[in-house]
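Q: I would like a close look at a single part of this model. Please keep the explanation plain.

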Amino acid sequence: MKRFTHGQENNEGNKPIDTDEETLKEKTTTFGIAIPGKAEFRKLDVGTYEWVMDMREAGDKLVDGSLSVVFYNDQTIKRIENHLVTYQKVRDVQMKSEKDAYNEILAGGFLQAMDDRQIENVKINHVETGYHLDSKGFYQPVYVFHGAVNGMERTIYIPGI
């Protein structure tokens, strides 16, 4: 995380005010920050805004996290909290098929905290691909299965490679 706070943030007369996204993007470039084009923009409070990237692909990079700013009546940003993390793609890999991942679930090949109860039934409602941080600090592709195990809502992650 990178945090910047201008020393005159709380001086008399300095108050957060609202502005538009384009103005904020322009102002952040003076700090060497470029807002990714696919970032979701939202207002949090008067003069306080945030861009969010939820594991979004941007070219050959993966971006995750958020960046928040506070804009003031003197037309400056006096507070920035940068929690954006950019991961560089290492290489392309062939993912196993969704069917193979599903067959792993049928074979019981997933971790499930179920207080030692026997798994009696699994119902899958939806599947999507995502990423999971491995023990070496690399994001690996995963299949994310949403559904229920023994009638209880669960999310099951199956490695994609």
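How many bridges join strand 7 to strand 8, and do they run parallel or antiparallel?

A: The model is predicted. Strand 7 covers residues 122-133 and is joined to strand 8 by eleven bridges. The two strands run antiparallel. One of the pairings can be picked out by residue: K123 has A148 in strand 8 as its bridge partner.

Strand 7 and strand 8 also form a hairpin, with five residues between them. In that turn, G137 has a positive phi of about 90 degrees.

N150 is not a glycine, yet its phi is positive, near 55 degrees. Its relative accessible area is 17%, and because the cut-off for buried is under 20%, N150 counts as buried.

Q75 is placed between strand 4 (61-71) and strand 5 (77-82). Q75 is likewise a residue other than glycine with a positive phi, here about 65 degrees. Its relative accessibility is 40%, so Q75 is classed as partly exposed.

T28 belongs to helix 1, which spans residues 21-29. T28 has a relative accessible area of 0% and is therefore buried. Apart from neighbours within four places in sequence, T28 contacts I33, I35, W51, V69 and I77.

Notes: Residues are numbered from 1 along each chain as its sequence is written. This is a predicted model: local features need pLDDT of at least 70, side-chain atom pairs count only at pLDDT 80 or more; totals for chains, interfaces and linings use all residues. Side-chain values use heavy atoms; hydrogens and water are left out. Helices (H or I, at least four residues) and strands (E, at least two) are DSSP runs, numbered from the N terminus. Buried means under 20% relative accessible area, exposed over 50%, partly exposed in between (1.4 Å probe, protein chains only). Contact means heavy atoms within 4.5 Å. Two strands pair if DSSP finds at least two bridges between them.
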